[in-house]
Amino acid sequence: MAITGLLSNKMRAFLTMLGIIIGIGSVIAIMTVGDSLTNSVNDSMQSMGANNIIVSLQQKTGDEEADAENDMAFTGDTSIAQPTEEDYITEEMLDQLKSTYQDSIQAVSLSENVGSGQVKDGRLYANVTVTGVNPGYFLASNTEILAGRSLSARDYEGGKRVALVSDKLVNNMFGGKNDRAVGASVEAQVGNDYYTYTIVGVYKYEQNSMNFSLSSEKDINTTLYIPIKTAQSQLHSSGGYQMVTLVTAQGVNSTELSGTVQQFLNVFYRANPDFQVMAFSMESMVSAFSSMLSTVQVAISVIAGISLLVGGIGVMNIMLVSITERTREIGTRKALGATNQSIRMQFIIEAMIICLIGGAIGVAVGVGGGSAAANALGYPARASVSSIIIALVFSMSIGVFFGYYPANKAAKMDPIEALRYE
């Protein structure tokens, strides 16, 4: 009966649903984009090692208590000192750290950026960033080798001019043939310097939210990995690092360990007037980022949900109009023995049907719009099943809430007065 009543006034029913459709669609779209972004960033951080610990230099504020309480906060001090090699985290410090916590720290990941440039061969080219790494780097980054091998211990110890390149570089320079690339020599121009390397392996380039690029497939900048001693030799660097990554052992609480690592290394910086060490876990970053995104999602969803309130008021309004139009029908039903409860349920169900159909259309619009927006931003679309279920339940609840007053008004009509109504 409810569906028949709606079909008899299709346009009015659609306009009544419109507020529900817009409200539900907006909330679902926002949740879809937010979930897609959150999952993509979480996956990227997981691939980088969620249990890894980032250790970096931080400028001192001169207030030890403020430094201890606000390690990750901006101090408001506009004078930024630049660290020198004397301030860097040394390999001796890291060796002592790893020796002291050998059961908790699996490896230390080190990197040295030589610079960005191009690998060229006639008209063929590939954009690269030349980076020197140590053996622990690949434990922290989970790099997948497609052909050849990774950098070996002999490569690191000897400071050899060998390189691990991406499949994107192989596509540009060797027509996508990995077997041709392995063993070949390439020349990289970085600034005014030219470096020649022998390719020993090819790794799979993974694009994610952390290295997202709008460049064409041919112009994507990928990393060309070389042994860290080779990089330091080319940069004439004496060693030392502004930032390192610690790979924690299985089952270790990285958040707790980060605090311990920070205290241990800051012993070496007691006499340093400008810098200290800050350590934080990727896990805490993931948690903080997810919490921030969730807060933003909820705030925007509440704003979008205002249209649901408007839609609910529209449902109540149209139900009052419907009851006024059907006063004689209500009087006839009551005269034939219909109870107040059955009349009330009839109109509540009509309101619920309006909201349920509107909610279903809203879900379809929200999932479609949210997926399109997520894909346009470069994130894999992931619609939240829980948000869809909540949206449908909420739309039915709106029908009950805003349909109760008109339904109750209809149920309490005097049948004699209703039958006399013109």
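This is a predicted model: local features need pLDDT of at least 70, side-chain atom pairs count only at pLDDT 80 or more; totals for chains, interfaces and linings use all residues.
Visitor: What makes α4 oblique to α10?

Guide: The axes of helix α4 (residues 91-100) and helix α10 (residues 254-266) come within 11 Å and cross at roughly 135°. Angles under 35 degrees count as roughly parallel, over 145 as roughly antiparallel, 65 to 115 as roughly perpendicular and the rest as oblique, which makes α4 oblique to α10.

Visitor: Which residues of α4 and α10 meet, and how do they divide by class?

Guide: M93, Q96, L97 and T100 in α4 meet V261, F264 and L265 in α10, where contact means heavy atoms within 4.5 Å. By class, this contact of α4 with α10 has 5 nonpolar, 2 polar and no charged residues.

Visitor: Why is Q234 called buried?

Guide: The relative accessible area of Q234 is 10%, and buried means under 20%, with exposed over 50% and partly exposed in between, for a 1.4 Å probe and protein chains only; Q234 is therefore buried. Q234 lies in helix α9 (residues 228-235), and, leaving aside its neighbours within four places in sequence, it is in contact with V114, R161, Y195, Y197 and I226.

Visitor: Why is the pair of Y137 and Y225 called tilted?

Guide: Rings of Phe, Tyr and Trp (its six-membered ring) pair if their centres lie within 6.5 Å, and planes under 30 degrees apart count as stacked, over 60 as edge-to-face and the rest as tilted. The ring centres of Y137 and Y225 are 5.3 Å apart and their planes are at 55°, so the pair is tilted. This pair links distant parts of the chain, with Y137 in helix α5 (residues 135-141) and Y225 in strand β9 (residues 222-227), 88 residues apart.

Visitor: What makes the pair of Y195 and Y197 tilted?

Guide: For Y195 and Y197 the ring centres are 6.4 Å apart and the planes are at 35°, so this pair is tilted. Y195 is buried, as is Y197, and the structure holds 8 aromatic pairs.

Key:
Residues are numbered from 1 along each chain as its sequence is written. Side-chain values use heavy atoms; hydrogens and water are left out. Axes are lines fitted to C-alpha atoms, for helices over the stretch in contact, and angles run from 0 to 180 degrees between N-to-C directions. Helices (H or I, at least four residues) and strands (E, at least two) are DSSP runs, numbered from the N terminus. Ala, Val, Leu, Ile, Met, Phe, Trp, Tyr, Cys and Pro count as nonpolar, Asp, Glu, Lys and Arg as charged, and the others, Gly among them, as polar.
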